Amino acid sequence: MDWLERAAEVEQLDRDIALAAQHERAGLDGKTAADSAEFCELPDCGAPIPDKRRQAVPGCRFCVECQERIEKYPAWGERYA
Ligand SMILES: [Zn+2]
């Protein structure tokens, strides 16, 4: 992968994080970055949550992938809500 592809990938990741942040903030009023989980709280995931996301979405509990799955299939996420 050359640097240009790498840059595009990072940019895409930033966009994903910003988008997910927008979706989530509604329910997380009053939370701070310190409330964010360091690791995704889904038992079968446990992926580390990047600092950037933890600050963009104070109080977040899931990684971007799991958050997207939960938003797409609310029933899937209810087990962990
Ligand atoms: Zn996850």
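Biologist: How confident is the predictor in the protein chain, going by mean pLDDT?

Modeller: The mean pLDDT of the protein chain is 84, and 89% of its residues reach 70 or more. Keep in mind that this is a predicted model.

Biologist: What does UniProt list for residues 40-72?

Modeller: An unreviewed UniProt entry gives "domain: Zinc finger DksA/TraR C4-type" there.

Biologist: Why is Ala 34 called exposed?

Modeller: Count its C-beta neighbours inside 10 Å and you get 8. The cut-off for exposed is 12 or fewer, so Ala 34 counts as exposed. Ala 34 is in the loop between helix 1 (3-25) and helix 2 (51-56). Its C-alpha is 7.3 Å from that of Gly 59, although the two are 25 residues apart in sequence.

Biologist: And what makes Asp 29 exposed?

Modeller: Asp 29 has 8 C-beta neighbours inside 10 Å, so it counts as exposed. Asp 29 also lies in the loop between helix 1 and helix 2. Its C-alpha is 8.5 Å from that of Pro 58, which is 29 residues away along the chain.

Biologist: Why does Glu 68 count as partly exposed?

Modeller: Glu 68 has 15 C-beta neighbours inside 10 Å. Buried takes 20 or more and exposed takes 12 or fewer, so with 15 Glu 68 is partly exposed. Glu 68 belongs to helix 3 (residues 64-72). From Glu 68 to Asp 16 is 52 residues in sequence but 9.9 Å in space, C-alpha to C-alpha.

Biologist: Which residues does Ala 20 touch, leaving out those up to four places away in sequence?

Modeller: Glu 68 is one of them, along with Val 57, Val 64 and Gln 67.

Biologist: Which residues make up the largest nonpolar core?

Modeller: There are 11: Ala 20, Cys 40, Leu 42, Ile 49, Val 57, Cys 60, Phe 62, Cys 63, Val 64, Cys 66 and Ile 70. Helix 3 gives the most to this core, with three residues. In soluble globular proteins, nonpolar side chains tend to be buried together.

Biologist: Which residues in helix 3 are buried?

Modeller: Val 64, Cys 66, Gln 67 and Ile 70.

Biologist: How do you know that the buried residues of helix 3 line one face?

Modeller: Look down the axis of helix 3: the buried residues fall within an arc of 165°, so they line one face of the helix.

Biologist: How much of the protein chain is buried?

Modeller: Buried residues come to 19% of the 81 in the protein chain. Among the chain's contacts with a separation of 6 or more, 46% link residues 24 or more positions apart.

Methods: Residues are numbered from 1 along each chain as its sequence is written. This is a predicted model: local features need pLDDT of at least 70, side-chain atom pairs count only at pLDDT 80 or more; totals for chains, interfaces and linings use all residues. UniProt positions are given in the numbering used here, feature names are shortened, and annotations may be inferred rather than shown by experiment. Helices (H or I, at least four residues) and strands (E, at least two) are DSSP runs, numbered from the N terminus. Two residues are in contact if their C-beta atoms, placed from the backbone, lie within 7 Å. A nonpolar core is a set of buried Ala, Val, Leu, Ile, Met, Phe, Trp, Tyr and Cys residues joined through C-beta atoms within 7 Å. The arc is that of the directions from the helix axis to the C-beta atoms. pLDDT is the predictor's confidence in each residue, from 0 to 100.
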